[in-house]
Amino acid sequence: MKKHNFSAGPCILPASVFQKASEAILNFNGLDLSILEISHRSPDFIAVFLKAQQLVKKLLKLDDSYEILFLQGGASLQFVMVPFNLMPQDNGYAIYLDTGVWAAKAIQEAKKFGEVEVIKDENYQSNPKHIDTSLSANYLHCTSNNTIYGTQMKEFPEIDVPLVCDMSSDIFSRVIDYTQFDLIYAGAQKNIGPAGATLVVVKKDILGETGRDIPSYLDYLVHIDKKGIFNTPPVFSIYVSMLNLEWLDNQGGVEAMEKLNQQKSDLLYAEIDRNPLFRGFASQEDRSMMNATFYLEDESMAEAFDAIWQNAGINGLHGHRTVGGYRASMYNALPLESVQILVNCMRELENRN
Ligand SMILES: Cc1ncc(COP(=O)(O)O)c(C=O)c1O
């Protein structure tokens, strides 16, 4: 039986997407060829590529001022490409919100390109709230959802400089005004598709101003100029991402996902707060709908609890190795029933004690 997959990423995708993807590995579009062996310049793949781009725009409600790219190198390469493309050679200055491990890694890379002002709360249990809206910088970078600590930004700074967001772990999961961002990036392997592609959504008019000699692959304008196919793109990842975005659209789009994600996270957080054996990590107002982090009050119960959830067919519940405890990642494709199973496991531990 399929496991209840709470893995933080790569993570669960809809069963119908797995099914179609596996069929395409054997015979794609009736071509008697696998999706893995067709040219990235063939009409059949170009149609997939255009459909994926079009679905991103539709689902995020973006107009044609945004370019849609599927690059490689993960979100980690975007930590480099963003400052390379947005921070001028001379006197570059950017503001970064440090809301967790991934934001800190982005900051580490940006510092190689210019001055970085870091805004951070005392610890990663909550997000910085009062961002000085008069700040002037080449751009402001934030991370919408902190995958490791389980916090999520509910509001974004209203500023006059380009707003850049790492949405790797919550894109397509909730209704926000995506047009407030000038550049969004996200590794595919959570709410988009399999690892391999990285979605970049960028407004062309913020590019080309740095005076830097940017290596071709790292230059967004090169990719835009080549209509997203500068080199061989991650064909399979893009194909499955397109299938997943199609599924999402058929479910009712981001609005429907938000409703379901709200139900799932409400169910789990209610149990974390009610059950005396557990405590949540993130401060209540910043809790993530995608990744719920929690601890056992008494660590000596870990063995018993782990046995209960593993026997119930749950996978991927351990917290990130740097923070321990538990993390339930509830991406779009995770059904509500899986969360109910987890809640039952938490209750079973309580009943036994
Ligand atoms: C918010 C966030 N940013 C960046 C990354 C790194 O992504 P990648 O492995 O695609 O480089 C992750 C990975 O989990 C993430 O959750």
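User: How many positive and negative side chains does the protein chain have?
Analyst: In this predicted model, the protein chain carries 30 positive side chains and 44 negative ones.

User: And how far apart are the centres of the two sets?
Analyst: The two centres lie 4 Å apart.

User: New topic. What helices and strands are there in the protein chain?
Analyst: The protein chain has nine helices and 14 strands.

User: Which helix holds Q78?
Analyst: Q78 sits in helix α3, which covers residues 74–86.

User: Is Q78 buried or exposed?
Analyst: Q78 is buried. The relative accessible area of Q78 is 0%, and buried means under 20%.

User: What does Q78 touch, leaving out residues up to four places away in sequence?
Analyst: Q78 touches L71, P83, Y185, T198, V200 and Y220.

User: Back to the whole chain. What share of the residues is buried?
Analyst: Buried residues make up 56% of the 353 in the protein chain.

User: What about contacts between residues 24 or more positions apart?
Analyst: Take the contacts with a separation of 6 or more in the protein chain. Residues 24 or more positions apart account for 67% of them.

User: What box do the C-alpha atoms fill?
Analyst: Roughly 65 × 55 × 30 Å, taken along the principal axes.

User: What does the radius of gyration agree with?
Analyst: The protein chain has a radius of gyration of 21 Å. A compact globule with 353 residues would have one near 20 Å, so the value agrees with that.

Conventions: Residues numbered from 1 in each chain as written. Predicted model: local features only at pLDDT ≥ 70, side-chain atom pairs only at ≥ 80, totals over all residues. Heavy atoms only, no water. Helix = DSSP H or I, 4+ residues; strand = E, 2+ residues; numbered from the N terminus. Rg over C-alpha atoms; globule rule 2.2 N^0.38 Å. Buried < 20%, exposed > 50% of the residue type's maximum accessible area, 1.4 Å probe, protein only. Contact = heavy atoms within 4.5 Å. Lys, Arg positive; Asp, Glu negative; His and termini not counted. Charge placed at Lys NZ, Arg CZ, Asp CG, Glu CD.
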